[in-house]
Amino acid sequence: EVENSKVRDALSALMTGRDLIIETTFHNALSTNHGPVEVHWKSGTGEEVKVIDKIHPGESNTITAHPGHTFVVYDEEKRSRREFVVSASYGEKEKFSVDEF
């Protein structure tokens, strides 16, 4: 049923002219003493590819993604990490706020 829902959402987006992407925004809501964060896309094999170099506290950055994409956010020293999974449907927007590790 979940797969049918995804197909319906994709077809709806296509038929109405919406993009077959999801605008995905990452916001660094950490205090200024935490410094910037970086965002990596995690592939199905577990490989991580950096997609956003630095987002400073109070700032945001938007990229495109697809449903089910997993992103990993690290602190500047890569000692802390947090995963986010895109749950929005095609043509929608999703915002992730990094407020803690």
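The model is predicted: local features need pLDDT of at least 70, side-chain atom pairs count only at pLDDT 80 or more, and totals for chains, interfaces and linings use all residues. Residues are numbered from 1 along each chain as its sequence is written, and side-chain values use heavy atoms, with hydrogens and water left out.

**Overall make-up**

The chain holds one helix and seven strands. Their order from the N terminus is α-β-β-β-β-β-β-β. Helices (H or I, at least four residues) and strands (E, at least two) are DSSP runs, numbered from the N terminus. Of the 101 residues, 34% are buried; buried means under 20% relative accessible area, exposed over 50%, partly exposed in between (1.4 Å probe, protein chains only). The chain exposes about 6200 Å², with carbon and sulfur atoms supplying 48% of that area. Accessible areas come from the Shrake-Rupley method with a 1.4 Å probe; for residues, only the protein chains shown count as cover.

**Strand pairing**

Two strands pair if DSSP finds at least two bridges between them.

| Pair | Bridges | A bridge partner pair |
|---|---|---|
| β1 (residues 22–28) and β4 | six bridges | Thr-24 and Ile-63 |
| β2 (residues 37–42) and β3 (residues 48–55) | five bridges | Trp-41 and Val-49 |
| β2 and β5 (residues 70–75) | six bridges | Val-37 and Asp-75 |

β2 and β3 form a hairpin with five residues between them. In the turn, Gly-46 has a positive phi of about 95°.

An open sheet of three strands has the order β4-β1-β7, with mixed pairing. β4 (60–65) and β7 (93–98) stand at the edges with a single partner strand each, so one side of each is left without a neighbour in the sheet. Neighbouring strands here are turned by 20° against each other on average, direction ignored. Axes are lines fitted to C-alpha atoms, and angles run from 0 to 180 degrees between N-to-C directions.

**Thr-62**

Thr-62 lies in strand β4. Is this residue buried or partly exposed? Thr-62 is partly exposed, because its relative accessible area is 40%. Beyond its neighbours within four places in sequence, Thr-62 is in contact (heavy atoms within 4.5 Å) with Glu-23, Thr-24 and Thr-25. The side chains of Thr-62 and Thr-25 make a polar contact at 2.7 Å. A polar contact is a pair of N or O atoms within 3.5 Å; within protein, one must be able to donate a hydrogen and the other to accept it, and residues adjacent in sequence count only if both atoms are side-chain atoms.
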